[in-house]
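Trainee: Let's go through this one together. I'll ask, you answer.

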Amino acid sequence: MSQPFRLNKEGLINRNKKISFTFNGKKLFGYEGDTIASALIANGIHLVGRSFKYHRPRGFFGAGVEEPNAKLQVEFNGHSEPNVNATEMELVEGLSATSQNCWPSVNFDIGAINNFLKMFFPAGFYYKTFMWPKSFWYKIYEPFIRKAAGLGVASIEKDKERYEHKFEYCDLLVTGSGPSGLASAYAAAKNGAKVILAEDKPRFGGTLLTDDVSIDNLSGKDWAEKIITELKSMPNVTVKNRSQVFGYYDHNMLVMFERVSDHLEKKSKFTPRQRLWYIRAKETILSTGSIERPIVFGNNDTPGIFLSAAAKEYMKVFGVLVGKKPLIFTNNDSAYETALEFKKNNVEPIILDTREEHSSELIDEAKSKGIDIRFSHGVIVANGYKKVKSAKIGKLNKDKNSFEKIETIECDCICVSGFWTPSVHLASQSGNKLKYEEKIDAFIPDKKKQHETSVGAANGSFTLEESLKHGFENGSNLSAKITETKTEITIPNVNEKKYGAHDKFWCMPLPKNENPKRFVDFQNDVSVSDIEIALREGYRSIEHVKRYTTLGMATDQGRTSNLNGLQLVSNIENKIVPEVGHTTFRPPFTPITIGTIVGREVGMEYMPTRKTPMHEWHEKNNAVFVDAGAWKRPRYYKQGNETLFEASKREAKNVRENVGICDVTTLGKIDIKGSDAAEFLNRVYTNAWMKLPVGKARYGLMLREDGIVMDDGTTTRISENHYHMTTTTAQAANVLSHLEYYLQIVWPELNVNVVSTTEQWAGAAIAGPKSRDMLSKLYPDLDVSNDALPFMGYREAEFFGVPSRIFRISFSGELAYEINVKSDHGMFMWEKMMEVGKEFGNQPYGTEALSTLRIEMGHVAGPELDGRTIPSDVSLNGLVSKKKDFIGKNSLGRKAFNVESRQKIVGLIPIDRKSSIPEGSHIVQDQNAKLPNPKLGHVSSSCWSVENNNPFSLAIMKDGKNMIGKKFFAVSPLKNKSIEVEVISSHYVDPEGKRVRS
Amino acid sequence: MLYIKCPYCGLRAQKEFSYGGDATVKRPNINEEVSSEDWDNFVYMRKSPRGKHIELWQHIAGCRQWIKVQRDTATHEIFQTAKVTEEIR
């Protein structure tokens with residue numbers, strides 16, 4: 001069980017703890033502190049996946065978020081996750097990783113035939129090829145492309161993990177714990193500011209962990225540790241590792257993704273897997289560092305080719321060699337540090353430097369250590385299919401576009417460095433227009449847009465001294481403005497190596513007659529020739545080139561490809577990069593799980609559940625519930641093996657014949673008080689309200705300003721200046737806002753106050769011919785006769801010692817009452833009603849029976865008041881006063897509202913008196929007419945009329961009542977039904993309304 | 001997510017508010033004659049400016065007050081917030 005590429009000593013991993021895992025079924029081991037990538041490389045495994053389009057073999061390229069290739073399907077802790085970045089995912093015991101986008105295996109992938117057909121897959125291939133014939137798209141092209149392209153497979157199992165959201169506020173958010181981030185956080189913390197320091201990686205310190213530097217005579221790593229330890233001990237500082245700030249939104253809101261427990265072997269049931277932080281920061285320090293840029297050359301995607309800094313990180317952090325015969329290909333000094341690190345570990349590197357022979361501190365050191373340096377050299381093409389075996393290298397002529405000499409040398413890895421690109425994603429997301437910095441050939445943040453301050457490498461400062469200085473200064477100044485305290489900090493002494501100038505060289509030329517693929521964007525398989533084609537075909541805007549070639553898209557977001565792509569476009573177009581511009585950086589910076597976005601809002605926690613005080617009784621009595629907004633309402637009370645249809649018929653019939661009770665707590669209730677309350681209601685409702693006496697209720701209709709019905713309900717005058725308004729369950733919140741709008745903005749002179757009392761009252765309706773008898777038993781001391789408590793009457797009385805309100809109102813069309821008691825007494829009231837009602841045949845009824853009762857009475861509800869109907873459409877024009885003004889009145893005169901043929905409410909019965917008419921059916925003259933069949937109306941509500949024992953529906957139909965007596969078809973293509981119907985009055989039962997007044 | 005300063009409660013997250021449209025629209029007085037053109041303008045016609053816009057928001061999950069917010073519709077910058085009884089310059 002030896003690991004051939006593991007160094008003996010180096011690294012920050014815990015060699016005392018072995019961790020076993022599998023890769024493509026093979027049993028392997030690594031150490032605690034390894035990533036999947038470092039453990040695989042230690043085991044000599046480089047081929048991990050196939051590329052997106054051409055299915056070319058791919059290995060690791062980076063050592064962190066910059067990795068474009070190594071995305072694996074990973075199974076651990078009982079779940080399977082696609083597209084996991086192998087360079088970021090920490091190794092845990094029992095983890096199992098498999099390659100994606102390959103079949104049957106990563107070693108032998110049939111899709112790789114695309115690689116040999118690549119002349120057929122240029123940029124824009126999909127756009128050009130799959131355009132015709134149109135009918136082929138769904139059945140042939142799309143499934144084929146889906147199978148061939150694409151990454152991992154999303155699990156279809158329920159995600160059992162816990163995810164959390166957290167809202168946080170701070171003075172200063174620092175994103176990244178490299179030298180500049182640590183310095184900023186430290187200075188701000190010393191000023192007493194509330195600081196959050198976020199680090200994406202498990203270890204704090206950023207480049208301090210890998211660079212050969214010293215600060216105040218401590219190694220970079222030790223200094224970072226010292227600062228972090230001190231920050232952790234301060235109560236005003238929150239320090240978070242494994243936390244990626246991935247989005248910068250409006251008003252200084254940043255969102256952070258914390259990987260809480262994937263790296264833990266054991267965790268408590270309540271530990272979330274991941275946590276999403278919404279952070280509102282007064283100031284932000286963007287110390288996100290920089291990402292190394294590759295140089296483009298032939299077959300530069302072959303496994304075994306790494307970014308040079310990644311190779312160094314594997315040695316210094318993980319104690320792993322990416323190869324034993326390395327070629328270092330660079331245009332700058334930083335790669336020399338990688339070479340020196342190889343040398344330190346007894347590996348002999350060869351450096352190919354595109355610059356002409358010159359001298360610098362690092363070059364001199366490399367020379368003195370006897371490293372083979374070849375100036376004016378570069379890699380032309382890497383050889384080897386599944387792993388680099390050798391490289392064709394060339395000595396460049398002075399023009400850097402042709403070769404003086406070409407030779408092939410053996411190597412097992414190529415470490416490439418094309419200088420550094422500041423990570424400006426967050427700054428750009430904040431709205432910062434970036435500017436091009438000639439000195440480093442990259443974009444850096446320009447003038448502040450929000451409260452973002454970029455420091456260190458993210459701002460284009462590539463020396464430690466400068467980064468620390470900027471960090472301390474900005475951290476101190478920004479926080480001092482907030483805390484009004486300034487603690488002096490001495491900037492530490494720094495020892496670092498001085499870098500010479502880099503070479504502006506990004507793409508290796510090709511010798512004549514050679515045409516290997518040269519990739520710019522590895523993740524999206526975009527090569528130099530693809531960009532050339534896009535430009536040749538006339539795409540000029542960089543945003544269009546991006547979309548045509550897919551350069552810089554997907555999870556990668558152009559981390560390693562962006563600037564090389566721009567350089568190429570600018571070279572071909574003979575423009576300079578700032579003229580070409582850059583594409584938009586979009587959040588998230590790195591992929592985050594859907595689970596984290598959703599957080600705890602799943603299942604029962606998706607939204608709050610509102611239960612009435614009688615809910616437990618309903619549950620105990622076999623109620624089947626239905627959602628009414630957030631409310632749970634009994635739909636029907638199941639007896640034995642009853643179906644919904646049977647139960648609702650039984651319940652509704654019992655109301656028509658005996659008496660039933662219904663929980664109506666969910667109706668919206670608004671308490672209205674004030675000396676102008678009557679005037680206010682008079683303006684809000686379409687009908688007259690000035691003369692409603694105390695102790696009486698009235699049905700009211702309210703419109704929107706555009707004349708459309710908004711809501712209906714009864715309002716009762718409790719006392720001189722006190723009213724109790726009811727709204728429909730669905731509109732309760734809207735109506736309250738509506739009333740508040742008019743009281744606060746339009747008519748503030750009215751002395752009226754409104755407040756929601758929906759939750760304060762429990763309500764039960766008692767309906768049916770025997771309801772008065774039942775009521776008299778419930779209130780033995782009260783005169784409940786028709787004279788004493790007439791229709792629309794109101795009384796307050798004690799209900800078995802409990803204060804209650806009695807309203808004689810009816811939704812069912814039967815003689816009915818509604819009793820309200822304080823919510824706490826709701827259950828008491830309900831149980832008492834069930835007990836007392838027994839002798840009258842009382843049964844509870846649910847919303848389904850409630851609907852049946854109102855439909856056959858022709859009472860309108862939500863399906864008719866659907867935001868398209870005015871009062872006369874639903875036969876409520878009797879409620880529209882001609883004498884007074886009210887909200888929406890002026891709109892009712894509009895021409896379209898007054899045409900005779902306007903769709904209005906009617907009733908429908910099937911000719912066969914048997915077939916139920918599906919809600920939503922269209923009413924047509926001829927069921928066999930050619931499509932599009934002219935639609936005359938639609939079926940809004942359907943029920944089984946218990947009174948007449950046949951189906952009955954309400955419909956909104958052209959010409960309304962003029963159609964009564966005529967026959968049509970109600971067709972529902974959805975249910976594949978066509979039913980012949982006859983139009984009748986919408987008032988199917990008791991059209992004169994005698995029962996409610998009896 | 002916007003950060004809106006309620007004149008009654010202070011800075012609160014957008015989640016607590018509900019948008020209410022153009023705050024400069026004035027409803028014709030009740031009980032007064034209004035031409036159908038003026039009425040239609042009030043009900044339907046709204047400007048959709050790019051830039052500064054004075055709009056109504058209601059602090060529904062807070063004090064339930066309707067407030068005025070002057071916001072840039074392109075950048076979301078909020079310049080000023082006020083009670084509905086106050087003027088925004």
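**Between domains and chains**

Trainee: How many residue pairs are in polar contact across the interface of domain 2 and domain 4 of chain A?

Mentor: The rule finds 2, both at pLDDT 80 or more. A polar contact is a pair of N or O atoms within 3.5 Å; within protein, one must be able to donate a hydrogen and the other to accept it, and residues adjacent in sequence count only if both atoms are side-chain atoms.

Trainee: Which elements supply at least two residues to the domain 2 side in chain A?

Mentor: In chain A, strand 13 (243-249), helix 10 (425-429), strand 26 (434-437) and strand 27 (442-445) each do so, on the side that touches domain 4. Strand 13 of chain A gives the most, with 4 residues. Helices (H or I, at least four residues) and strands (E, at least two) are DSSP runs.

Trainee: What should I know about the model itself?

Mentor: It is predicted: local features need pLDDT of at least 70, side-chain atom pairs count only at 80 or more, and totals for chains, interfaces and linings use all residues. Residues are numbered from 1 along each chain, chains are lettered from A and ligands numbered from 1 as written, and side-chain values use heavy atoms, without hydrogens and water.

Trainee: OK, back to that pair. How far apart are the C-alpha centres of domain 2 and domain 4 of chain A?

Mentor: They lie 29 Å apart. The contact (heavy atoms within 4.5 Å) takes 13 residues from domain 2 of chain A and 15 from domain 4 of chain A.

Trainee: How much area do domain 2 and domain 4 of chain A bury?

Mentor: About 1200 Å² between them, 72% of it on carbon and sulfur atoms. That is accessible area (1.4 Å probe) lost on putting the two parts together, summed over both. On the domain 2 side of chain A, H425(A), Y436(A) and F443(A) lose the most area to domain 4, together 44% of what that side buries.

Trainee: What is the salt bridge count between domain 2 and domain 4 of chain A?

Mentor: The count is 0. A salt bridge here needs a Lys or Arg side-chain nitrogen within 4 Å of an Asp or Glu carboxyl oxygen.

Trainee: Where do the domains of chain A run?

Mentor: The domain assignment, automatic or from a database, gives domain 1 (14-126), domain 2 (163-290 + 422-486), domain 3 (294-416), domain 4 (518-590), domain 5 (667-757) and domain 6 (900-997) in chain A.

Trainee: Switching topic. How many residues of chain A and chain B make the contact?

Mentor: The contact takes 28 from chain A and 26 from chain B. The buried area is about 2300 Å², and carbon and sulfur atoms give 54% of it.

Trainee: How many salt bridges are there between chain A and chain B?

Mentor: There are 2. One of them joins R27(B) and E705(A), with the closest N and O atoms 2.3 Å apart. The rule also finds 14 residue pairs in polar contact across the interface of chain A and chain B. On the chain A side, strand 8 (163-175) and helix 20 (732-746) give two or more residues. Helix 20 of chain A gives the most, with 9 residues.

Trainee: How many salt bridges does the structure hold over all chains?

Mentor: It holds 66. Take R273(A) and E81(A), whose side chains meet at 2.7 Å, N to O. R273(A) sits in the loop between strand 14 (253-259) and strand 15 (274-286) of chain A, while E81(A) is in strand 6, 192 residues apart.

Trainee: Are R273(A) and E81(A) buried or exposed?

Mentor: Both are buried. Buried means under 20% relative accessible area, exposed over 50%, partly exposed in between (1.4 Å probe, protein chains only).

Trainee: What about E856(A) and R656(A)?

Mentor: Their side chains also meet in a salt bridge, 2.7 Å from N to O. E856(A) is in helix 23 and R656(A) in helix 18 of chain A, 200 residues apart. E856(A) has 0% relative accessible area, so it counts as buried. R656(A) is buried too, at 10%.

Trainee: And K398(A) with E356(A)?

Mentor: Their salt bridge has its closest N and O atoms 3.6 Å apart. K398(A) counts as exposed because its relative accessibility is 69%. E356(A), at 39%, is partly exposed.

Trainee: Which residues are linked in a network of salt bridges?

Mentor: R162(A), E164(A), K240(A), E258(A) and R275(A).

Trainee: Last one. How many residues of helix 8 of chain A are buried?

Mentor: 9 of its 11. Among them are Y336(A), L340(A) and F342(A). After helix 8 of chain A comes N346(A), with a positive phi near 60°.
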